[in-house]
Amino acid sequence: MNFGRIDFLVNNAAYARGPDRVPVVDLSADIWHRVLEIKLTGVFLCSRAVARVLLRQGQGGSIVNLSSGAGKRGTANAAAYSA
């Protein structure tokens with residue numbers, strides 16, 4: 001590590017508004033998968049990498065995952081998006 005130890009990770013993944021802002025019947029599978037790669041797979045991969053370091057350091061730490069309240073509200077043309 002170039003900067004010393006890791007103490008925490010904050011996952012705050014997002015996908016810029018754009019081609020995902022269409023009715024779900026018009027949403028391409030490629031865009032859907034891209035959003036999932038960024039928002040879910042990215043969080044998983046970062047969390048796994050940092051958790052391994054935290055365990056190796058043996059001094060604890062924290063991983064915080066943030067999300068939007070938009071997942072609890074339905075909005076038009078937002079099948080793959082949450083702010």
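**Chatting through a predicted model**

Mentor: In this protein, 70% of the contacts with a separation of 6 or more join residues 24 or more positions apart. Keep in mind that this is a predicted model.

Trainee: Okay. How many helices and strands are there in the protein?

Mentor: One helix and two strands.

Trainee: And which pattern do they follow along the sequence?

Mentor: β-α-β.

Trainee: What share of the residues counts as buried?

Mentor: The protein has 83 residues, and 22% of them are buried.

Trainee: What about the accessible surface of the protein?

Mentor: That comes to about 6,000 Å². Carbon and sulfur atoms hold 57% of that surface.

Trainee: Switching topic. How many salt bridges does the count give?

Mentor: One salt bridge.

Trainee: Which side chains meet in it?

Mentor: Those of arginine 5 and aspartate 7. The N to O distance is 2.6 Å.

Trainee: How does arginine 5 count, in terms of accessibility?

Mentor: Partly exposed, because its relative accessibility is 36%.

Trainee: And aspartate 7?

Mentor: Aspartate 7 is at 39% relative accessibility, so it counts as partly exposed too.

Trainee: Now serine 68. Where is its place?

Mentor: In the segment after β2, and that strand covers 62-65.

Trainee: What is the relative accessible area of serine 68?

Mentor: It is 24%. Buried means under 20% and exposed means over 50%, so a residue in between is partly exposed. Serine 68 is therefore partly exposed.

Trainee: What separates the C-alpha atoms of serine 68 and alanine 14?

Mentor: A distance of 9.6 Å. Along the chain, serine 68 and alanine 14 are 54 residues apart.

Note on methods
Residues are numbered from 1 along each chain as its sequence is written. This is a predicted model: local features need pLDDT of at least 70, side-chain atom pairs count only at pLDDT 80 or more; totals for chains, interfaces and linings use all residues. Side-chain values use heavy atoms; hydrogens and water are left out. Helices (H or I, at least four residues) and strands (E, at least two) are DSSP runs, numbered from the N terminus. Buried means under 20% relative accessible area, exposed over 50%, partly exposed in between (1.4 Å probe, protein chains only). Contact means heavy atoms within 4.5 Å. Accessible areas come from the Shrake-Rupley method with a 1.4 Å probe; for residues, only the protein chains shown count as cover. A salt bridge is a side-chain nitrogen of Lys or Arg within 4 Å of a carboxyl oxygen of Asp or Glu.
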